[in-house]
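Biologist: Hi, could you walk me through this model? I'd like to go element by element.

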Amino acid sequence: MRLLRTLILFGVFAAAGAACWLAYYALTPVEVAPKARHFKVEQGSSLRSVAEQFEQAGLISDKWSFLVLARLLGNAGDIKAGSYEVGVRVAPHGLLDKIVSGDFAQSELRFIEGWTFRQIRGVLDQHPAVQHDSAGLSDAQILERLEVEEKFAEGLFFPDTYYFAPGTSDLTILRQAYMRMRTKLEVLWEQRAKGLPLASAYQALILASIVEKETGQADERDMVAAVFVNRLKRGMRLQTDPSVIYGLGASFDGNLRRRDLETDQIYNTYTRYGLPPTPIAMPGEASIQATLNPANSPVLYFVGRGDGSHEFSSTLVEHNRAVNKYQRSR
């Protein structure tokens with residue numbers, strides 16, 4: 001009987017000691033080397049292989065204790081594949097919780113107002129955390145993969161900062177940007193001013209892309225929009241340089257010449273009436289808002305002052321005077 005009591009007491013103390021050790025192990029942070037702070041758990045990895053991976057990387061000090069901890073907590077089969085990030089110190093319990101909850105590391109990229117779709121593709125192609133599923137696809141093939149209605153990609157994606165888990169497909173990011181633009185455009189279209197010479201939200205997107213490219217001054221957007229809206233109402237040509245430049249494509253060398261303005265092509269708003277066939281860039285929300293709610297002004301012309309701002313005029317006489325003042329005097 002005495003021996004039995006001794007064995008029981010020994011077992012109780014041993015279990016208590018093991019529990020204390022496991023608790024100490026689970027909650028004691030480990031110093032993590034910089035190169036080990038970003039890691040990936042591959043799809044189909046077993047708990048044992050992950051424990052071995054962590055031990056080799058220096059994320060944990062003992063893989064067997066990590067295995068016991070996971071099994072006692074009932075998390076052995078709940079590991080989620082993905083890319084993760086930890087700080088300078090991490091405790092085994094926190095590390096286990098991270099890979100069980102799917103607390104993935106986030107990467108980010110930004111689409112800038114006024115960028116073309118070619119620039120968007122360039123940023124996606126160069127981002128190291130993106131899975132490049134669109135590589136080798138044409139713009140039309142990308143739109144087909146995204147299952148969107150439009151036939152041309154230009155202007156369809158909303159300029160913003162996008163956060164994603166490393167390894168996310170570039171098509172997933174593009175779909176998110178497309179849906180964000182579509183939602184924004186639908187809301188702003190419903191809030192548009194009355195009497196606009198625009199038949200659809202897509203036409204508003206086209207004009208907004210021109211407004212985006214014509215000025216970087218926030219307080220001028222509604223006036224620039226007013227110029228183009230007034231011109232459309234009067235049946236005048238838009239005569240906007242950014243549209244011509246877009247139509248020249250890769251042949252544009254940075255110098256817009258008179259012959260470029262006189263040579264007809266589908267984006268030449270000096271030779272053709274109305275809007276170009278597609279947006280020429282990716283407009284931001286402010287440019288869309290200004291396009292759909294332009295300034296209440298009779299302005300028909302504007303010319304750069306040389307400091308990034310513009311002089312607006314309602315008559316050709318006033319415009320020519322402004323041109324002489326700000327352009328020919330330089």
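Biologist: Which residues of strand β2 are on its covered face, and which on the uncovered one?

Modeller: In strand β2 (residues 38–41), F39 and V41 make up the covered face, while H38 and K40 are on the uncovered one. In a regular strand, side chains alternate between the two faces of the sheet. Strands here are DSSP E runs of at least two residues, helices are H or I runs of at least four, and both are numbered from the N terminus. This is a predicted model: local features need pLDDT of at least 70, side-chain atom pairs count only at pLDDT 80 or more, and totals for chains, interfaces and linings use all residues. Residues are numbered from 1 along each chain as its sequence is written, and side-chain values use heavy atoms, with hydrogens and water left out.

Biologist: Thanks! In what sense do β2 and β3 pair, and over how many bridges?

Modeller: β2 and strand β3 (residues 82–85) pair in the antiparallel sense, over four bridges. Pairing means that DSSP finds at least two bridges between the strands. In β3, E85 is the residue opposite H38.

Biologist: And where is V32 found, and is it buried or exposed?

Modeller: V32 is in the loop between β1 (30–31) and β2. V32 has 3% relative accessibility, so it counts as buried. Buried means under 20% relative accessible area, exposed means over 50%, and partly exposed is in between (1.4 Å probe, protein chains only).

Biologist: What is V32 in contact with, leaving aside neighbours within four places in sequence?

Modeller: V32 is in contact with R37, L59, V86, G87, V88, R89 and V90. Contact means heavy atoms within 4.5 Å. The C-alpha atoms of V32 and I60 are separated by 8.8 Å, and these residues are 28 apart along the chain.

Biologist: Changing topic: which residues of α6 are buried?

Modeller: I142, L143 and L146 are the buried ones. Seen down the axis of α6, these fall within an arc of 100°, so they line one face of the helix. That arc is taken from the directions from the helix axis to the C-beta atoms. On the other side of α6, A140 and E144 are exposed.

Biologist: What do those buried residues pack against?

Modeller: The buried residues of α6 pack against α5 (117–126) and α7. Just after α6 comes E147, with a positive phi of about 60°.

Biologist: OK, on to β7. Which strand is joined to it by bridges?

Modeller: Strand β5 (residues 107–110) is joined to β7 by four bridges, and the two run antiparallel. F164 in β7 is the bridge partner of S107. The covered face of β7 has Y162 and F164, and the uncovered one has T161 and Y163.

Biologist: Last one: at what angle do the axes of α7 and α8 cross?

Modeller: The axes of helix α7 (residues 170–190) and helix α8 (residues 201–214) cross at roughly 105° and come within 10 Å. The two helices are therefore roughly perpendicular to each other. M181, L185 and W189 of α7 make the contact with A201, A204 and L205 of α8. Axes are lines fitted to C-alpha atoms, for helices over the stretch in contact, and angles run from 0 to 180 degrees between N-to-C directions. Angles of 65 to 115 degrees count as roughly perpendicular, under 35 as roughly parallel, over 145 as roughly antiparallel and the rest as oblique.
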